[in-house]
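Colleague: Before I rely on any of the labels given to this molecule, I would like to hear how each of them was reached. Could we take them in turn?

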Amino acid sequence: CADQDVCPFAVENDADSDGQCANNVCRDILGPECSDYAEGLGSKSGDCLVDRVCDLCSCDCDYACRDHCPLDAENDADSDEVCADADICPYDTDNDSDSDSLCEAFDECLHDAENDADSDSIC
């Protein structure tokens with residue numbers, strides 16, 4: 001059924017419906033041709049998605065094609081290397097840098113953990 005399975009090497013398939021697979025195993029069906037796609041080494045490194053060989057060269061294309069955030073449909077929207085399912089502030093790259101439980105977009109005193117505790121309008 002691999003012709004019907006959108007993620008033939010992923011047990012969970014595409015759990016977050018973002019079009020990327022979280023492969024559990026890999027198989028380079030094209031054999032030696034796949035080494036051209038080896039991350040950082042092959043002559044076609046970085047072209048796995050463009051050439052649509054993610055399923056055909058799933059070992060050599062693993063990094064480029066893998067869903068690094070399998071439960072995050074936006075795949076780490078704020079690019080802080082923390083997926084939304086574990087990110088306390090999924091749209092805040094600093095992830096509440098002053099530890100006051102307020103994400104940057106809602107924190108009026110970005111670097112004041114007490115958030116103007118004396119109400120003098122100075123953080």
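Modeller: Let us begin with the rule that a disulfide is a pair of cysteine sulfur atoms within 2.5 Å, and please keep in mind that this is a predicted model.

Colleague: What makes Cys48 and Cys61 a disulfide?

Modeller: Their sulfur atoms are 2.1 Å apart, and because the cut-off is 2.5 Å, the pair qualifies. The torsion about the S-S bond is -80°, a left-handed link. Both cysteines lie in the segment before α1, so the pair ties together parts that are 13 residues apart in sequence.

Colleague: Why is Cys48 called buried?

Modeller: Buried means under 20% relative accessible area, and Cys48 counts as buried because its value is 1%. Cys61 is likewise buried, with a relative accessible area of 1%.

Colleague: How do you know whether Cys109 and Cys123 are buried or exposed?

Modeller: Cys109, at 6% relative accessibility, counts as buried, whereas Cys123, with a relative accessible area of 55%, is exposed because the limit for that word is over 50%. A disulfide joins the two, with an S to S distance of 2.0 Å.

Terms used. Residues numbered from 1 in each chain as written. Predicted model: local features only at pLDDT ≥ 70, side-chain atom pairs only at ≥ 80, totals over all residues. Heavy atoms only, no water. Helix = DSSP H or I, 4+ residues; strand = E, 2+ residues; numbered from the N terminus. Buried < 20%, exposed > 50% of the residue type's maximum accessible area, 1.4 Å probe, protein only.
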